[in-house]
Amino acid sequence: QLQLVESGGGLVQPGGSLRLSCVASGFTLPNKIIGWFRQAPGKEREGVSCISNSGDNTNYADSVKGRFTISRDIAKNTVYLQMNRLKEEDAGVYYCAANTLYVQAWCGLENRHYNSWGQGTQVTVSS
């Protein structure tokens, strides 16, 4: 059974930092493309960042570029999202997702690339 479990969310003031974790089970990261998504109340889910199966290719939404960093620890089968200089508009439920059906040399930030999703972790940014 394939499973993704997010953690690390919480309440932070604007300008603060959080690190989200996504632990994968049932598969190993070198075989999967992993993405981070978020959804704010009343808004559509949007892609935030992703990392290819090799780890050589990463992508970021323009809104988080330069502030967020995606990384992985193969030994722990975990993908991280380091979020710095957080803004109120960054708030929402953050999900990690995997493409378990195929691999490619690059990753995309569109929902259609992913078929397995975690339960999400809440990120609140407020003063």
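## Asp 90 and its surroundings

The side chains of Asp 90 and Arg 67 are joined by a polar contact of 2.7 Å, the term covering a pair of N or O atoms within 3.5 Å, of which, within protein, one must be able to donate a hydrogen and the other to accept it, with residues adjacent in sequence counted only if both atoms are side-chain atoms. Asp 90 lies in the loop between E8 and strand E9 (92-99), where strands (E, at least two residues) are DSSP runs numbered from the N terminus.

With a relative accessible area of 1%, Asp 90 is buried, that is, under 20% relative accessible area with a 1.4 Å probe and protein chains only. Neighbours within four places in sequence aside, Asp 90 is in contact (heavy atoms within 4.5 Å) with Arg 38, Val 64, Arg 67, Phe 68, Arg 85 and Val 123.

## Basis of the values

This is a predicted model, in which local features need pLDDT of at least 70 and side-chain atom pairs count only at pLDDT 80 or more, while totals for chains, interfaces and linings use all residues. Residues are numbered from 1 along each chain as its sequence is written, and side-chain values use heavy atoms, with hydrogens and water left out.

## Strand E8 and its partners

Strand E8 (residues 78-83) is largely enclosed by the rest of the structure, because five of its six residues are buried. Strand E3 (residues 18-25) pairs with E8 in the antiparallel sense over six bridges, pairing requiring at least two DSSP bridges between two strands, and Cys 22 stands opposite Val 79 in E8.

Strand E7 (residues 68-73) also pairs with E8 in the antiparallel sense over six bridges, and Phe 68 has Met 83 in E8 as its bridge partner. The hairpin of E7 and E8 has four residues between the strands, and in this hairpin Asn 77 takes a positive phi near 55°.

Note on methods: Buried < 20%, exposed > 50% of the residue type's maximum accessible area, 1.4 Å probe, protein only.
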